[in-house]
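Trainee: I would like to go through this protein with you. Could we begin with the overall picture and then turn to the details?

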Amino acid sequence: MGFKLDLIINENYSRLNAVDMHILTYIQQNAHTCVSLSIAELARRCNVSTATVLRTTQKLNFSGYSEFKYFLKDDEKKAGSESIDMIEILNQDVSQTIKFFQQNKYIREICRMIETAGTIYAYGTGHGQRLMLQEVARCFFNVNRKFIIIPSSTELKILKKYMSGQDLLFIASWSGNIDKYRDTLLNLSVLGIPIISITSFNNNELSALSKYNLYFQSTHVDLDMNINRSSYLTLHLVLHLLYDAYIDYSNHKDGSQ
């Protein structure tokens, strides 16, 4: 699907609920098919009512499904024909990531948990994610907060028996897919281990499982090749914003909130 739909979703994110995101995720993942679907057919495929689909489109500021469908066709056509302005895409990704962070009501609570945690663990689901976590761990070392970087899902499974409710676990994932470590996370959740997910903005299982979430936007430019040319820029950004927020929290925690 074209870039504009992602922007519209992000701009209206605060108005969308889980059902809205389910519908929009289906549209994003089935772009070529959805441009020709009737509202009834889309509702059937998403297992919702036509009224629900209509409300979702109206939350995106369309007058109704007909206008939304016209937008989808136009967005799809432009996505296939227009050259890609990578600077503009990166600019939008950075702006949206900052907006997500500014709108996150749990930042101060996350900072408090970082300050009081017995042990802070950090797990990245891929090599790039682990590199970004290592960098933020280096930053937090400057304020006497040590992160233990967990190298793989095997070590995560081993370490879970040593974790307690006074500890803290960060998990950075591109997609939020938890197939390889679902049982481990469910066990940690049962044990009351606080988990903070760091994922790209989408409806994903990791963020749904975690009480605390940090989102970054990273636009997938080449869907056929599954290559994200935005790299890990905005993942690095959201982690750096968290570090800056923690510094601010430490300097003002005894003052007014």
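**Overview and helix packing**

Mentor: The secondary structure of the protein amounts to 13 helices and five strands. Helices (H or I, at least four residues) and strands (E, at least two) are DSSP runs, numbered from the N terminus. This is a predicted model, in which local features need pLDDT of at least 70, side-chain atom pairs count only at pLDDT 80 or more, and totals for chains, interfaces and linings use all residues. Residues are numbered from 1 along each chain as its sequence is written, and side-chain values use heavy atoms, with hydrogens and water left out.

Trainee: What percentage of the 257 residues count as buried?

Mentor: Of the 257 residues, 47% count as buried. Buried means under 20% relative accessible area, exposed over 50%, and partly exposed in between, with a 1.4 Å probe and protein chains only.

Trainee: And what share of the contacts join residues at least 24 apart?

Mentor: Among contacts between residues at least 6 apart in sequence, the share is 72%. Contact means heavy atoms within 4.5 Å.

Trainee: Turning to packing, at what angle do helix 8 and helix 13 pack?

Mentor: Helix 8 (residues 107–116) and helix 13 (residues 233–252) pack at about 80 degrees, with their axes 9 Å apart. That makes helix 8 roughly perpendicular to helix 13. Axes are lines fitted to C-alpha atoms, for helices over the stretch in contact, and angles run from 0 to 180 degrees between N-to-C directions. Angles under 35 degrees count as roughly parallel, over 145 as roughly antiparallel, 65 to 115 as roughly perpendicular and the rest as oblique.

Trainee: Which residues of helix 8 and helix 13 make the contact?

Mentor: Helix 8 contributes I107, R108, I110, C111, R112, I114 and E115, and helix 13 contributes L242, A245, Y246, Y249 and H252. By class, this contact has eight nonpolar, one polar and three charged residues. Here Ala, Val, Leu, Ile, Met, Phe, Trp, Tyr, Cys and Pro count as nonpolar, Asp, Glu, Lys and Arg as charged, and the others, Gly among them, as polar.

Trainee: Which residues of helix 8 are buried?

Mentor: They are I107, I110, C111, M113 and I114. Seen down the axis of helix 8, these buried residues fall within an arc of 160 degrees, so they line one face of the helix. The arc is that of the directions from the helix axis to the C-beta atoms.

Trainee: Let us move on to helix 4. How do the axes of helix 2 and helix 4 cross?

Mentor: The axes of helix 2 (residues 18–29) and helix 4 cross at roughly 105 degrees and come within 10 Å. Helix 2 is thus roughly perpendicular to helix 4. The contact involves H22, I23, Y26 and I27 of helix 2, together with L42, R45 and C46 of helix 4.

Trainee: What about helix 4 and helix 5, at what angle do their axes cross?

Mentor: Their axes cross at roughly 100 degrees and come within 8 Å. In helix 4, I39, A40, L42 and A43 meet T50, V53 and L54 of helix 5. The residues of this contact divide into six nonpolar, one polar and no charged.

Trainee: Which residues of helix 5 are buried?

Mentor: In helix 5 (residues 50–59), T52, V53, T56 and T57 are buried. Viewed down the axis of helix 5, its buried residues fall within an arc of 140 degrees, so they line one face of the helix.

Trainee: Where is N47, and is N47 buried or exposed?

Mentor: N47 lies in the loop between helix 4 (39–46) and helix 5. N47 is exposed, with a relative accessible area of 72%. Its phi is near 60 degrees, a positive value in a residue other than glycine.

Trainee: And where is N61 found?

Mentor: N61 is in the loop between helix 5 and helix 6 (65–81). N61 has a positive phi of about 75 degrees although it is not a glycine, and at 55% relative accessible area N61 is exposed.

Trainee: A change of topic: how many disulfides does the structure hold?

Mentor: The structure holds zero disulfides, a disulfide being a pair of cysteine sulfur atoms within 2.5 Å. For C46, the nearest cysteine sulfur is that of C34, 6.9 Å away. C46 counts as buried at 3% relative accessibility.
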